[in-house]
Amino acid sequence: MGRRILNDALRSMVNAEKRGKAMVELKPISNVISSFLQIMKHRGYIKDFQVYDPHRVGRITVELQGRLNDCKALTYRQDLKAKDIEAYRLRTLPTKQWGYVVITTPDGVLDHEEAAKRNVGGQVLGYFH
């Protein structure tokens with residue numbers, strides 16, 4: 001169920017981006033969505049986000065920047081070893097220059113570059129470009 005919530009949130013962001021909106025509100029939320037958005041903010045794909053009432057159903061307001069082309073969560077669990085991250089990235093993302101694969105690892109939720117730098121594998125959450 002958690003992967004479906006993440007996928008719905010990411011699709012809402014992509015649809016709002018295609019319509020040219022500056023903000024989007026995501027409901028319901030989870031800690032995984034917050035971690036995914038933190039990576040997107042760090043990489044410059046969104047401006048900022050605010051979490052409201054995280055202990056109940058809650059909502060997140062995301063300020064879009066206009067850089068997001070596609071964003072998907074994988075609904076199946078796929079394990080990746082640290083040595084296989086680069087091959088998976090080349091298969092999944094359209095080009096070498098841009099886009100990130102997001103992986104949940106024992107060190108937390110990381111993008112593929114950080115996971116490769118720390119030499120840690122995990123399960124693929126999704127990707128954005």
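Me: What kinds of residues make up the lining of the largest pocket, in terms of nonpolar, polar and charged?
Reply: The lining divides into 3 nonpolar, 3 polar and 4 charged residues, where Ala, Val, Leu, Ile, Met, Phe, Trp, Tyr, Cys and Pro count as nonpolar, Asp, Glu, Lys and Arg as charged, and the others, Gly among them, as polar. Please keep in mind that this is a predicted model, in which local features need pLDDT of at least 70 and side-chain atom pairs count only at pLDDT 80 or more, while totals for chains, interfaces and linings use all residues. Residues are numbered from 1 along each chain as its sequence is written, and side-chain values use heavy atoms, with hydrogens and water left out.

Me: Which residues line the largest pocket?
Reply: The lining consists of S35, Q38, I39, H42, R43, V109, L110, D111, E114 and R118. The elements that give two or more residues to this lining are α2 (31–42), β7 (108–111) and α4 (112–118), and α2 gives the most, with 4 residues. Helices (H or I, at least four residues) and strands (E, at least two) are DSSP runs, numbered from the N terminus. A pocket here is an open set of points on a 1 Å grid over the protein atoms alone, where a 1.4 Å probe fits, with protein on both sides within 12 Å along at least five of seven lines, and lining residues have an atom within 4 Å of a point.

Me: Is I39 buried or exposed?
Reply: I39, which lies in helix α2, counts as buried because its relative accessibility is 9%; buried means under 20% relative accessible area, exposed over 50%, and partly exposed in between, with a 1.4 Å probe and protein chains only.

Me: And what is I39 in contact with?
Reply: Leaving aside neighbours within four places in sequence, I39 is in contact with V102, V109, L110, D111 and F128, contact meaning heavy atoms within 4.5 Å. I39 and D111 are 72 residues apart in sequence, yet 7.0 Å apart in space, C-alpha to C-alpha.

Me: Switching to strands, how do β2 and β3 pair?
Reply: Strand β2 (residues 46–52) and strand β3 (residues 59–64) pair in the antiparallel sense over 6 bridges, and two strands pair if DSSP finds at least two bridges between them. They form a hairpin with 6 residues between them, and D53 in the turn has a positive phi of about 55°. V51 stands opposite I60 in β3.

Me: Where is T61, and what is it in contact with?
Reply: T61 is in strand β3 and, at 13% relative accessibility, counts as buried. Apart from neighbours within four places in sequence, T61 is in contact with M23, V24, E25, D48, F49, Q50 and Y52.

Me: Which residues of helix α3 are buried?
Reply: In α3 (residues 85–92), I85, Y88 and R89 are buried. Seen down the axis of α3, these buried residues fall within an arc of 100°, so they line one face of the helix, the arc being that of the directions from the helix axis to the C-beta atoms. The buried residues of α3 pack against β5 (79–80), β6 (100–105), α4 and β8 (122–128).

Me: Last topic, the backbone: which peptide bond is cis?
Reply: The bond from K27 to P28 is cis, with omega near -20°, and P28 lies in the loop between β1 (23–26) and α2.
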